[in-house]
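Take a look at the sequence and coordinates, and then read on.

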Amino acid sequence: MSNPYTGTVASAVRKSQLLLASASALQDASGAGNMLERQALIEGAVLQLWRAFRAFLAEQSHQLQLGVEPETARDLARYAEAANKLSAEVTELCSLADNPDSWVVALQSAWRGLLITEQSPLTAAGAQRSSAVNLIPMAELRDDPAAALTAESVLEWQQALIELVTRQRAQGQEW
């Protein structure tokens, strides 16, 4: 049975590889414009990696014939358990997602840092600020969490994802 998500995983991983390669090429060049472009490429690589991870969750769901596209590894486990189709692969994904020191948690945190800012009404601090009327404009002077991203950390996540996908697909082929 052909899995429609396999190509999406491969495409998103390849795009993240290309973005990181471009970011590495800019590393030697100096200038503020190059630094901004490099950071944008690294952030794009994070988004593509998160897209690949989500597609891999959907690939696992399709493999188990669950008929859903899970948002998280925990969702995948919940759907698999409800269908009585929990597998070792799903259990491994959940243990990665539950381990605060894992690359999955770091990747998810980076992805959320790019999409949800401190000022967003989706955060508790943003909700408190948006409920009150501010007559004086305020600005947060904290570091942007996305600015802390490095090409090296994203490359590590990329390699870990590739290894996970390759290993779990090989295990699936054995069955």
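## Overall fold

The protein chain has seven helices and zero strands, where helices (H or I, at least four residues) and strands (E, at least two) are DSSP runs numbered from the N terminus. Along the sequence the pattern reads α-α-α-α-α-α-α.

This is a predicted model, in which local features need pLDDT of at least 70 and side-chain atom pairs count only at pLDDT 80 or more, while totals for chains, interfaces and linings use all residues. Residues are numbered from 1 along each chain as its sequence is written, and side-chain values use heavy atoms, with hydrogens and water left out.

## Surface and contacts

Of the 175 residues in the protein chain, 38% are buried, meaning under 20% relative accessible area with a 1.4 Å probe, protein chains only. Of the contacts (heavy atoms within 4.5 Å) between residues at least 6 apart in sequence, 62% join residues at least 24 apart.

## The nonpolar core

The largest nonpolar core holds 40 residues, and Phe53, Trp103 and Trp157 have the most contacts inside it. Such a core is a set of buried Ala, Val, Leu, Ile, Met, Phe, Trp, Tyr and Cys residues joined through side-chain atoms within 4.5 Å. Elements giving two or more residues to this core include α1 (6-27), α2 (32-63) and α7 (151-174), and α2 gives the most, with 11 residues.

Leaving out residues up to four places away in sequence, Phe53 touches Leu93, Trp103, Val104, Leu107 and Leu161.

## A look at Ala151

Is Ala151 buried or exposed? Ala151 counts as buried because its relative accessibility is 7%. Not counting residues up to four places away in sequence, Ala151 touches Leu20, Arg38 and Ile42.

Definitions and conventions
Buried < 20%, exposed > 50% of the residue type's maximum accessible area, 1.4 Å probe, protein only.
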